[in-house]
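Please open the model in a viewer and keep the selection panel at hand.

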Amino acid sequence: MKPVVVIGAGLSGLSCALHASRAGIPVLLLEAKASVGGRVATQRTPNGFLVDEGFQVLLDSYPELDSVVDRAQLHLQCFHSGALIYTGDTLQVLANPFRHPGELLNTLSCSAASLKDKALVVGLMLQSQLKTSDTPVGKCTTLQALKNYGFSEHFIEFFWRPFLAGVYLDNELSLGADFFKFLVRCFGWGKVCLPEQGMAALPQLIAEQLPAGTLRLNTSVAKWSADKVWLASGEIVEASQVICAGSKPPHGTPSEPPFRSVTTYYFTSPELQELSWDRWLILIPQTLGFTISHMALISSVAPSYSASGKPLLSGSVVGKKQASVESVMKDIEKVAGRALNLELVTVTEVVQALPIVPESSPEGFLKADGVIYCGDRYTSPSIQGALKSGRLAAESLLVESAD
Ligand SMILES: Cc1cc2nc3c(=O)[nH]c(=O)nc-3n(C[C@H](O)[C@H](O)[C@H](O)COP(=O)(O)OP(=O)(O)OC[C@H]3O[C@@H](n4cnc5c(N)ncnc54)[C@H](O)[C@@H]3O)c2cc1C
């Protein structure tokens, strides 16, 4: 029996291959690179740090997660729920009152948000629990929705914009508001985590569940049709169905979307240990003229990211703007309010980080010229979106075979 050939072992291709194999469908998963995971990648630096290629987090409340891994095996380490907001001279805590009731007084006195803003956040969180969880992107932009909810300009600039720019990699917050509501539910009621062995542990764990012989690494596909793929090596593989889960659809069909970019700078310094940034995400409003929009003391959240026990800090610059290491260091020291003697660990620049998805496809995948295309661009630009699109593509095979 000819296998279903899945091109690309990013999260969508892995999810597709896993769900199809579980249904008894023979699958061949072809990946151009030497490892699985695609845009979810982790490096180990020569000085023993784990660094994710672009600051990236896993929300343990993503509905697709449990269908592809036993989350206990990820040994998730969690951020605090909420953020430290830099107001120009101080860092103020805005904590999730349901998760950190001990921070309630500090949260109430946070000047970045009015009492109305704080009440609106709680209202949004409660509202998000009533809605069924799903991830359509939606037409109204997130920025418009925030204004419609009645949030103050000040709170949008000091909290929502830096927070969501870190998630969307888009300072304009132009992604559809339905996805925003879904995120409120995930961030508000779930945990924001890093796996013990880095973000790459997620695709790795999915790959380990595939039947032997399913995955071929270092196998680049040059072109494909509905029932055949031509490898770069010249080999031709016959397929019962071809599913393209590569991030770039070929031959201009369907057309390739533009991507959002991010550059993440990783630093170490013994002096970082003296800061009380703990396990908070730190938000930096762009109106204050900084290049970085968010940072985190990764080694406090996930001690496993530092084999030597030395602190590891990440700071991210959203978009294509170029920032020198010196200017990023200056930003960090300004927020810290002191010199830190930072030492650069590495810089990861991801030019094609998130596809710009104006509106997700209703099926969560696309069929064109007999080829099934899946990936985050067909659902939402996220881990949840990629896993879901892969599952839906696999399920469409079952529907077809039942017909
Ligand atoms: C810096 C960054 C930060 C992010 N932050 C978050 C976050 O915090 N939370 C969140 O939920 N999501 C986040 N995301 C988004 C999430 O990682 C992606 O949405 C998801 O990984 C996309 O998976 P995919 O399978 O659709 O595509 P990809 O990961 O791009 O997978 C495509 C795969 O296909 C392979 N391929 C391509 N062409 C070929 C070919 N011709 N032959 C063989 N193989 C091929 C590629 O090598 C790759 O492995 C982030 C992404 C980045 C880059």
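This is a predicted model: local features need pLDDT of at least 70, side-chain atom pairs count only at pLDDT 80 or more; totals for chains, interfaces and linings use all residues.

The domain assignment places residues 4-40, 200-254 and 358-402 in domain 1, and residues 58-195 and 259-355 in domain 2. Their C-alpha centres are 30 Å apart, and the contact draws on 26 residues from domain 1 and 25 residues from domain 2.

Next, display the surface between the domains. About 2100 Å² is buried there, with carbon and sulfur atoms giving 64% of this area. Select L205, P381 and Q384: of the area that domain 1 buries against domain 2, these residues supply 29%, more than any other three residues.

The rule finds one salt bridge across the interface of domain 1 and domain 2, along with five residue pairs in polar contact. Now show helices α1 (11-22), α8 (201-208) and α11 (383-402), each of which supplies at least two residues of the domain 1 side that touches domain 2. The most come from α11, with five residues.

The largest nonpolar core comprises 88 residues, and F159, W160, L194, L202 and I206 have the most contacts inside it. Select helix α6 (residues 153-168), which gives the most to this core, with eight residues. Because domain 1 and domain 2 both give residues to this core, it lies between them.

Centre the view on L194. Among the residues that L194 touches are D52, H75, F79, M199, I298 and Y305.

Finally, select V93, Y265, F267 and I284, which are included in a second, separate core of 25 residues.

Conventions:
Residues are numbered from 1 along each chain as its sequence is written. Side-chain values use heavy atoms; hydrogens and water are left out. A nonpolar core is a set of buried Ala, Val, Leu, Ile, Met, Phe, Trp, Tyr and Cys residues joined through side-chain atoms within 4.5 Å. Buried means under 20% relative accessible area, exposed over 50%, partly exposed in between (1.4 Å probe, protein chains only). Helices (H or I, at least four residues) and strands (E, at least two) are DSSP runs, numbered from the N terminus. Domain bounds come from an automatic or database domain assignment. Contact means heavy atoms within 4.5 Å. Buried area is the accessible area (1.4 Å probe) that two parts lose on being put together, summed over both. A salt bridge is a side-chain nitrogen of Lys or Arg within 4 Å of a carboxyl oxygen of Asp or Glu. A polar contact is a pair of N or O atoms within 3.5 Å; within protein, one must be able to donate a hydrogen and the other to accept it, and residues adjacent in sequence count only if both atoms are side-chain atoms. Lists of a residue's contacts leave out its neighbours within four places in sequence.
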